[in-house]
Amino acid sequence: MLKCNGFYRGINLGGWLSQCDYSEERLNHFITEPDFEKIASWGLDHVRIPIDYNVLENEDGSYKADGFARIEKALESAKKYGLNVVIDLHKTAGFSFDDGEEESGFFENEKLQERFYRLWEELAKHFGKYADRVAFELLNEITEQRFIDAWNKISYECIRRIRSYAPDTIILVGSYGNNSAWAVEELAKPYDDKVIYNFHCYEPLAYTHQGAYWAKQLDQNARYRFEEMDITSEYFEKLFLPALEKAKSYGISVYCGEYGVIDRVDPKDAVKWFKVINSVFEKYGIARAVWSYKEMDFGVSDGRMDEIRDELIKYL
């Protein structure tokens, strides 16, 4: 079975090269080398770096040299402190998990799909040589079930083209429902033996996203304590079972690319959620990367977490 060696316990660098204002100040200073050093000191083995296509591409689809240089610099910092890297394409031309991004048409438009393939070929040309310490995640959080058939075909073609330049790189593929574990069942058979199924977990959403302005389906005023929710190891085992069984049938591993609790929750209460989900991750050998390192409503390094961070880190 393909294991996530070197990509077992990680953290997201959200809001740096994605979901930001793309200013030079943000791109140059939000995450710097000391952050990699701190993450390594926590005993983690990798970072997941979400990157939006417009950091790497101009409007006409040509490439931005400085965008690729930023990734190269991040890889240098990561290597210096013994960290591996997941390069996650968080948004592509024509699709974003966030409706507010106003990206649409990707799954129906062959020109947008070709642009996606070409971008991944370019990424593979640059970073496929680092297969021992860099993994690729094709696209963050497919949203709707109606996209799954197209996504299975697109992901196959994309991996086929990546393999010309990065034959040995681990590639992460997630399903719809914003990378829901239960939707892994509908992913195609892995393209090859270096593909890993990817899911995200923010369940139960009413707890992890309480007060989140973007979670419009939730009562914005509702607040819950951990003890008020039925959050047990059995709860997460049942949730993850479809993904685990699908992966097992092909002899591959699974990776939880995002999980976490919003900063509206008291840190001491949040640790209880992390402790339970960690017990299931460890029981089944599920690799993962917590959301998120800094700010983004989930920041593990934020000052409010100072009192409990040492305990929290044990459950990442």
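How many residues apart are Glu122 and Lys125 in helix H5? In this predicted model, Glu122 and Lys125 are three residues apart, so about one helical turn separates them. Helix H5 itself covers residues 110-127.

Side chains of opposite charge can pair when their charged atoms come close. A search of the whole structure turns up 24 salt bridges. One of them joins the side chains of Glu144 and Arg146, at 2.6 Å from N to O. Here Glu144 is partly exposed, with 36% relative accessibility, and Arg146 is exposed, with a relative accessible area of 58%.

Glu237 and Lys283 make another salt bridge, and their closest N and O atoms are 3.3 Å apart. This pair ties together distant parts of the chain: Glu237 sits in helix H9 (residues 233-250) and Lys283 in helix H10 (residues 267-284), 46 residues apart. Glu237 counts as buried at 19% relative accessibility, whereas Lys283 is exposed, with a relative accessible area of 55%. Salt bridges can also join up into a network, and one such network links Glu114, Glu121, Glu157, Arg160 and Arg161.

Asp149, Glu185, Glu186 and Glu245 form a negative surface patch. Glu186, for one, lies in the loop that runs between helix H7 (176-179) and strand S7 (195-201). Its relative accessible area is 34%, which makes Glu186 partly exposed.

Arg48, found in strand S2 (residues 46-52), is buried at 0% relative accessibility. The side chain of Arg48 makes a polar contact with the side chain of Glu137, at 2.8 Å. Glu57 is another buried charged residue, with a relative accessible area of 3%. Glu57 belongs to the loop between helix H3 (53-56) and helix H4 (65-80). From Glu57 to Val271 there are 214 residues in sequence and 39 Å in space, going from C-alpha to C-alpha.

The backbone has a few details to look at as well, starting with two cis peptide bonds. The bond from Glu203 to Pro204 is cis, with omega near -15 degrees. Pro204 lies in the loop between S7 and helix H8 (205-208). The bond from Trp291 to Ser292 is also cis, and omega there is near 0 degrees. Ser292 is placed in the loop between strand S9 (287-290) and helix H11 (309-313).

That loop between S9 and H11 also holds Glu295. Phi of Glu295 is near 55 degrees, a positive value in a residue other than glycine. Glu295 is partly exposed, with a relative accessible area of 37%. Gln19 shows a positive phi too, near 50 degrees, and again the residue is not glycine. Gln19 is in the loop between strand S1 (9-12) and helix H1 (24-29), and counts as partly exposed at 27% relative accessibility.

How values were computed
Residues numbered from 1 in each chain as written. Predicted model: local features only at pLDDT ≥ 70, side-chain atom pairs only at ≥ 80, totals over all residues. Heavy atoms only, no water. Patch = residues over 30% accessible without salt bridge, like charges linked within 9 Å, V, L, I, M, F, W, Y side chains within 5 Å. Areas by Shrake-Rupley, 256 points an atom, 1.4 Å probe, with all protein chains shown as cover. Salt bridge = Lys/Arg side-chain N within 4 Å of Asp/Glu carboxyl O. Lys, Arg positive; Asp, Glu negative; His and termini not counted. Charge placed at Lys NZ, Arg CZ, Asp CG, Glu CD. Helix = DSSP H or I, 4+ residues; strand = E, 2+ residues; numbered from the N terminus. Buried < 20%, exposed > 50% of the residue type's maximum accessible area, 1.4 Å probe, protein only. Polar contact = N/O pair within 3.5 Å; in protein donor to acceptor, adjacent residues only side chain to side chain.
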